[in-house]
Every structure is written in C-alpha cells, then in structure tokens.
Amino acid sequence: MTPISLITTYNIDKNRSWFHGIPENVLNSVSKSLNISVHIIRTKGEEYEKNFEKALFSAKDNGAEVCVFGDIDIEDHLKWCSERCKNAGLRAYFPLWKEKREKVVYEFIEKGFKANITVIDTNRLSEKYIGKILTKEIALEIKKEGADICGENGEYHTFVSEGPLFKEKVEFSFSNKIKSENLVILPIV
C-alpha cells in the first residue's frame, strides 16, 4: 500500500496539533521529510469527531481504502476510530493491536527512530523525563515507575524527528516548559 497522506488533528484554539502540541510549520517539515502530504484537520473540541470524519471522506475521495492507527489495546480508541472509518467507508487498520508493549517500544528504538518526550501527565509519570530522548534505558525507567512503557494511557507523548522513513532529520527546538494542571509540556517551535 502507498500512503495517500498523514492525518493529524489541529487545535485551532492553541495553534498546535491536538495531544502532541506540534506547530504547523513542524508538521509540514515532517511531511516533507517523509515525502507524504499532511492533511491538517483544523478543529475545536466540540467539532472534533465531525471534522475527523470529513477528512476521512476526503481521503476516500482521493483513493484511500484504509486508515492506519497506532493504538495498542485501548478498546475505546479502537471503537471510536473504527466507527469514524466505517462512517466514511474506509477500513480501520491497527497493526500494533495487542502487541506486547515492550516489543513495540524496543522495536521502534532499535529501528533507529528518535523521539523526544514532549508532554507528561504528572499524575502518571515523573516530570523528570520531559525533553528526554526515548531510549531503551528511559523506557525501562518509565516502566519501573509503574507507568506504561509506551505511554498508551497518556502518561507521555513524544515527537519523532528522525528515523529510517525520514529523508532527513526534522529540525526543531524547544520553548520554555509549561505546567498546566497535571500536564508538563515542552513546546516545540
């Protein structure tokens, strides 16, 4: 299969991608390095579902047959994503579904992908990992803290800037750390 586009949701109130907080210029750099167009779904929270489905319909009109998701085992995510795809006439595909968490994160690292931890839920994980590159050692420390090694439950989010699929490293820098309720965010600029 050949990818038609990357799809990412974009919080128009914060001018950053939802959940990972990536600005548009950096998303475009990722798109360029991967040589895959990016479809940015600009939305507010109350319109998220409707706008996500609209993007799926557009992808289908452009030849998409499948939408790929990276979820591992959260049933609510499986259901939500599958319903959006069904409504748009696409097949939802979860290649990591029910894989062993350590296997997934270690394979990602071993293949040469580089991810920085950019968001931490301090109710689930220590703030000390913010900005760190996800290595096997860091992943093991995260697991020892009792958090999910993959961050599947929102313990942490990352930004991937290089790896075997990238033509070139995506250049970025961090802004000042932000604390908001239980979240610590290291904004990418």
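Me: Let's start with helix 1. Which of its residues are buried?

Reply: In this predicted model, helix 1 spans residues 24–34, and its buried residues are V26, L27, V30, S31, S33 and L34.

Me: Switching to aromatics, how many pairs turn up in the whole structure?

Reply: A search of the whole structure gives 11 aromatic pairs. One of them joins Y48 and W80, with the ring centres 5.9 Å apart and 50° between the planes, and this pair is classed as tilted.

Me: Which parts does the Y48 and W80 pair tie together?

Reply: Y48 belongs to helix 2 (residues 48–61) and W80 to helix 3 (residues 75–88), so the pair links parts that lie 32 residues apart in sequence.

Me: Are those two buried or partly exposed?

Reply: Y48 has a relative accessible area of 17% and is therefore buried, since the cut-off for buried is under 20%. W80, at 25% relative accessibility, counts as partly exposed.

Me: And why is the F94 and W97 pair called edge-to-face?

Reply: The centres of the F94 and W97 rings are 5.9 Å apart and their planes stand at 65°, so the pair is edge-to-face, the cut-off being over 60 degrees. F94 itself counts as buried, at 11% relative accessibility.

Me: Back to W80, which cluster is it in, and what lies over its face?

Reply: W80 forms one aromatic cluster together with W18, F19, Y48 and F52. Over the face of W80 lies R84, at 5.0 Å from the ring centre.

Me: What sits over the ring of Y10?

Reply: That is R42, whose charged end sits over the Y10 ring at 5.4 Å from its centre.

Me: Last topic, helices 4 and 5. How do their axes cross?

Reply: The axes of helix 4 (residues 101–110) and helix 5 (residues 136–144) come within 10 Å of one another and cross at roughly 160°, which makes helix 4 roughly antiparallel to helix 5. The crossing of helix 4 past helix 5 is right-handed.

Me: Which residues make the contact?

Reply: Helix 4 contributes E102, V105, Y106, I109 and E110, while helix 5 contributes K136, A139, L140 and K143.

Definitions and conventions
Residues numbered from 1 in each chain as written. Predicted model: local features only at pLDDT ≥ 70, side-chain atom pairs only at ≥ 80, totals over all residues. Heavy atoms only, no water. Buried < 20%, exposed > 50% of the residue type's maximum accessible area, 1.4 Å probe, protein only. Helix = DSSP H or I, 4+ residues; strand = E, 2+ residues; numbered from the N terminus. Phe/Tyr/Trp six-rings, centres within 6.5 Å; stacked < 30°, edge-to-face > 60°. Lys NZ or Arg CZ within 6 Å of the ring centre and 35° of its normal. Axes fitted to C-alpha atoms, helices over the stretch in contact; angles between N-to-C directions. Parallel < 35°, antiparallel > 145°, perpendicular 65-115°, else oblique. Left-handed = near helix turned anticlockwise from the far one by under 90°. Contact = heavy atoms within 4.5 Å.
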